[in-house]
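We will stop at a few places and look around at each one.

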Amino acid sequence: QVHLVEAGGGSVQAGGSLRLSCARSGDVESSDCMGWFRQAPGQEREGVAVIDDDETRYAPSVDKGRFTISKDNAKDTVYLQMNNLKPEDAAMYYCAAESVSCNDASLNRWGVDYWGKGILVTISS
């Protein structure tokens, strides 16, 4: 079993920044893939970015100039730094974890083994 605890969501003004964090515990290895998905109202849940020991992957639709994924292996915690936030970034953000290293399926919902409860990000103008 794997447990994911998310933090860092909230409401920010357009142009502001947030850093989401997700702490992972349980039967995991540092090489296991971990990252973030998001779901806006009326939309499908989509991958944002994932990371393991030696690679990062971003969804093609993600602006890598504004979103950066990273992790702290000592804390087994993954972060999503979000800068210059726009109204279209508003969504429920979900931490996601796999029991394998990142691969071509890791940004798909069906590639996820464990989900966090989700944290809400809202953007005001």
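Before the first stop, here is a term to know: rings of Phe, Tyr and Trp (its six-membered ring) pair if their centres lie within 6.5 Å, and planes under 30 degrees apart count as stacked, over 60 as edge-to-face and the rest as tilted. This structure holds two aromatic pairs.

This is a predicted model, in which local features need pLDDT of at least 70 and side-chain atom pairs count only at pLDDT 80 or more, while totals for chains, interfaces and linings use all residues. Residues are numbered from 1 along each chain as its sequence is written, and side-chain values use heavy atoms, with hydrogens and water left out.

**Stop one: the ring pairs**

Select Phe37 and Trp115 and show their side chains. Their rings form an edge-to-face pair, 5.1 Å centre to centre with 80° between the planes. Phe37 belongs to strand β4 (residues 34-39) and Trp115 to strand β10 (residues 114-115), so the pair links parts of the chain 78 residues apart; strands here are DSSP runs (E, at least two residues), numbered from the N terminus.

Is Phe37 buried or exposed? Phe37 counts as buried, at 0% relative accessibility, where buried means under 20% relative accessible area, exposed over 50%, and partly exposed in between (1.4 Å probe, protein chains only). Trp115 is partly exposed, at 32%.

Tyr94 and Trp115 make an edge-to-face pair, with 6.3 Å between centres and 80° between planes. Tyr94 sits in strand β9 (residues 91-97), 21 residues from Trp115 in strand β10. Tyr94 is buried, with 13% relative accessibility. Ring pairs link Phe37, Tyr94 and Trp115 into a cluster.

**Stop two: a charge over the rings**

Which ring faces does Arg45 lie over? Select Arg45 to find out: one is the face of Tyr94, with 3.5 Å to the ring centre, and another is the ring of Trp115, where the charged end of Arg45 is 4.6 Å from the centre. The rule used is that a charge sits over a ring if NZ of Lys or CZ of Arg is within 6 Å of the ring centre and within 35 degrees of the ring normal.

**Stop three: the loop with Ser106**

Move to Ser106, in the loop between β9 and β10. Ser106 is buried, at 1% relative accessibility. Show its surroundings: apart from neighbours within four places in sequence, Ser106 is in contact (heavy atoms within 4.5 Å) with Cys33, Phe37, Val50, Glu98 and Ser101.

**Stop four: the core**

Select Trp36, Leu80, Met82 and Tyr93. They touch the most other members of the largest nonpolar core, which has 26 residues. A nonpolar core is a set of buried Ala, Val, Leu, Ile, Met, Phe, Trp, Tyr and Cys residues joined through side-chain atoms within 4.5 Å. Strand β9 gives the largest share of this core, four residues.

**Last stop: the whole chain**

Zoom out and colour by secondary structure. There are zero helices and eleven strands. The C-alpha atoms fill a box of roughly 40 × 25 × 25 Å along the principal axes. Buried residues make up 42% of the 125 residues.
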